[in-house]
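Visitor: I've got a chain on the screen and a few things I'd like to ask about it. Could you walk me through it?

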Amino acid sequence: MQGRGPRHPAPTIALHWGTAALVAALAATGLAMTRIAPGDPGQFALYQLHKALGVAAMLLAVARLAWMTVRRQPGWTLPRGDRVARAVQAVLLAFTLVVPLSGWALASASRLDIPILLAGLGEFPRIESLRAMSPEARSVAEPRLATLHA
C-alpha cells in the first residue's frame, strides 16, 4: 500500500483533534445557551461549562501556535492550492484565538460580574481593565463584545 505523504507528529495531531473537539463542544453549548429559558435551573451550569470549554480552547490555541513555531510542518506542497491552504489555516488559527479571547473579554466586562469557574479547578482570572470600567462603559462594551463573540 502506497503512503499518503509525510505524516504529522503525534502532538500536532492531538492539538488538531483536541481543538476540533472543543470547537464542536463550544458550538453545541453556545447553541444550547441561546435556547435555554432565563432563570432555568441549568442555565448557570451551562454558561459555566461553556466558559470552561472556552478557556481550554484558548489555552489549546496558544499551545498549538507555540508548537507550530517550534515544529516545522511536513514538506507538503499543494500544486495550485498552497496559498489558499495557508490562508485557510491562518484564518482558522485566528478564529481559534479571537473567539475565546472575545468570550474572555465579554465575561470580564459583563455587568453581571459572574466569575469564570473551571469545573472544580478554581476561578479563571478576568481581565481587570475591563472589570474596572464604569457601569456606563460596561453597558456600551458588553453588547459590542457579545456581537463580536457571537
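Visitor: Counting contacts with a separation of 6 or more, what share comes from residues 24 or more positions apart?
Guide: Keep in mind that this is a predicted model. A contact here means heavy atoms within 4.5 Å. Among the contacts with a separation of 6 or more, residues 24 or more positions apart account for 66%.

Visitor: What pattern does the chain follow along the sequence?
Guide: The secondary structure comes to 5 helices and 2 strands. Read along the sequence, these give α-α-α-β-β-α-α.

Visitor: How far apart are the end C-alpha atoms of helix H2, and what span should we expect?
Guide: Helix H2 covers residues 43-70, so that's 28 residues. At 1.5 Å a residue they should span 40 Å. The prediction agrees with that, the end C-alpha atoms being apart by 41 Å.

Visitor: Which elements do the buried residues of H2 pack against?
Guide: Buried means under 20% relative accessible area, and in H2 the residues that are buried include Leu-46, His-50, Lys-51, Gly-54 and Met-58. The partners of H2's buried residues are helix H1 (10-35), H3, strand E1 (116-117), strand E2 (123-124) and helix H5 (135-149).

Visitor: Leaving aside its neighbours within four places in sequence, what is Met-58 in contact with?
Guide: Setting aside neighbours within four places in sequence, its contacts are Pro-100, Leu-101, Trp-104 and Phe-124.

Visitor: Is Glu-142 buried or exposed?
Guide: Glu-142 and Arg-111 meet through their side chains in a salt bridge, 2.7 Å from N to O. That pair links distant parts of the chain, with Glu-142 in helix H5 and Arg-111 in the loop between H3 and E1, 31 residues apart. The relative accessible area of Glu-142 is 15%. The cut-off is under 20%, so Glu-142 is buried.

Visitor: How many residues apart are Glu-128 and Arg-131, which meet in a salt bridge?
Guide: Their side chains meet at 3.4 Å, N to O. Both sit in helix H4 (residues 128-131), separated by about one helical turn, because the gap is 3 residues.

Visitor: Which residues are linked in a network of salt bridges?
Guide: A search of the whole structure finds 5 salt bridges. One of the pairs is Glu-123 with Arg-126, whose closest N and O atoms are 3.3 Å apart; Glu-123 is partly exposed at 48%, while Arg-126 is buried at 9%. The network links Asp-113, Glu-123, Arg-126, Glu-128 and Arg-131.

Visitor: Which residues make the nonpolar surface patch of about 270 Å²?
Guide: One member is Val-88, in helix H3 (residues 82-109). Patch residues need over 30% relative accessible area, and Val-88, partly exposed, has 45%. The residues that make the patch are Val-84, Val-88 and Leu-92.

Methods. Residues numbered from 1 in each chain as written. Predicted model: local features only at pLDDT ≥ 70, side-chain atom pairs only at ≥ 80, totals over all residues. Heavy atoms only, no water. Patch = residues over 30% accessible without salt bridge, like charges linked within 9 Å, V, L, I, M, F, W, Y side chains within 5 Å. Areas by Shrake-Rupley, 256 points an atom, 1.4 Å probe, with all protein chains shown as cover. Salt bridge = Lys/Arg side-chain N within 4 Å of Asp/Glu carboxyl O. Helix = DSSP H or I, 4+ residues; strand = E, 2+ residues; numbered from the N terminus. Buried < 20%, exposed > 50% of the residue type's maximum accessible area, 1.4 Å probe, protein only. Expected span 1.5 Å × (residues − 1).
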